[in-house]
Amino acid sequence: MEPENDTGISEFVLLGLSEEPELQPFLFGLFLSMYLVTVLGNLLIILATISDSHLHTPMYFFLSNPSFADICFISTTIPKMLINIQTQSRVITYAGCITQMCFFVLFGGLDSLLLAVMAYDRFVAICHPLHYTVIMNPRLCGLLVLASWMIAALNSLSESLMVLWLSFCTELEIPHFFCELNQFIHLACSDTFLNDMGMYFAAGLLAGGPLVWILCSYSKIVSSIRAISSAQGKYKAFSTCASHLSVVSLFCCTGLGVYLTSAATHNSHTSATASVMYTVATPMLNPFIYSLRNKDIKRALKMSFRGKQ
């Protein structure tokens, strides 16, 4: 059968996490709750960093940016999933699929880059404390965030433009709850070599690169902490990195777990279920990790709410 040109494709079918009708109300309630908790938690972090002048520092400036990215990241997938469950329709238009994929890649890559930027901030704060305010000046902080946005946007745009050249046959079912790039590419009838190479290059650049940078930064941070003589000083230095380390570990372990699970089982349904960890669970848990371990954010939130009463 000759492949159809993708201009003739009008819609795809998202198979979701389960086809069992009795599970749909449970899935709707579960993901709606997780979505609301994620949005509320990250909004509270942004509110705290904006409202409290004591938090107008590079560390909290960088923290508020991943919170915004997490809200956008989860908003690209879950609302459409909830609408599909509620309307009992699994259809997504071709344009909607490309758009969803574009923003998912954008904010996923942005999250990874911002984690690397936060690692650099912690490296300067611990390894060069006397020069911290000079090095991490507002101009550099703004440039680091702007560069992260630009790199993530260019990658997202290039990935999205490359899939526009793909042609599809009659198999238009995506075994996922959103238009995941890898699954979308594998539906194509045309040659996907360039798409695969682009996807692997982007993964190395936006996942491998930041991870290597974070590991190198923390190796130097650990060396600096070990050189501190007092136990209290060591604890204080490490506590400033604990939340960031927890988020990096969660993000990397869940993302790596998804791809290892996918490679080991070759089961699309299993991969879709596992991907819930980094697409939904990680953005939801991040605010708890930062707020529960951060007295400044809890104090800022208390002052903010008391001021509104």
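**Close-up 1. The one disulfide in this predicted model links C97 to C179.** The two sulfurs sit 1.9 Å apart. C97 belongs to helix α4, while C179 falls in the loop between β3 (173–174) and α7 (181–186), so the bridge ties together parts that are 82 residues apart in sequence. Both C97 and C179 are buried.

**Close-up 2. C127 and C241 stay out of any such bridge.** From C127, the nearest cysteine sulfur is that of C241, 8.7 Å away. C241 has 1% relative accessibility, so it counts as buried.

**Close-up 3. One cavity of 30 Å³ or more turns up in the model.** The largest cavity holds about 90 Å³ of space. Helices α1 (24–51), α2 (58–75), α4 (94–127), α9 (231–265) and α11 (276–292) each give two or more residues to its lining.

**Close-up 4. Here are the residues that line the largest cavity.** Look for N42 and I45, then P66, S67 and D70. D111 and L115 also line the space, as do V247 and F251. N286, P287 and Y290 complete the set. By residue type, the lining splits into seven nonpolar, three polar and two charged.

Definitions and conventions. Residues numbered from 1 in each chain as written. Predicted model: local features only at pLDDT ≥ 70, side-chain atom pairs only at ≥ 80, totals over all residues. Heavy atoms only, no water. 1 Å grid on protein atoms, 1.4 Å probe; cavity = no way out; pocket = protein on both sides within 12 Å on 5 of 7 lines; lining within 4 Å. Points joined across faces, edges and corners; volume = space filled by probe spheres on them. Helix = DSSP H or I, 4+ residues; strand = E, 2+ residues; numbered from the N terminus. Nonpolar A, V, L, I, M, F, W, Y, C, P; charged D, E, K, R; others polar. Disulfide = S-S within 2.5 Å. Buried < 20%, exposed > 50% of the residue type's maximum accessible area, 1.4 Å probe, protein only.
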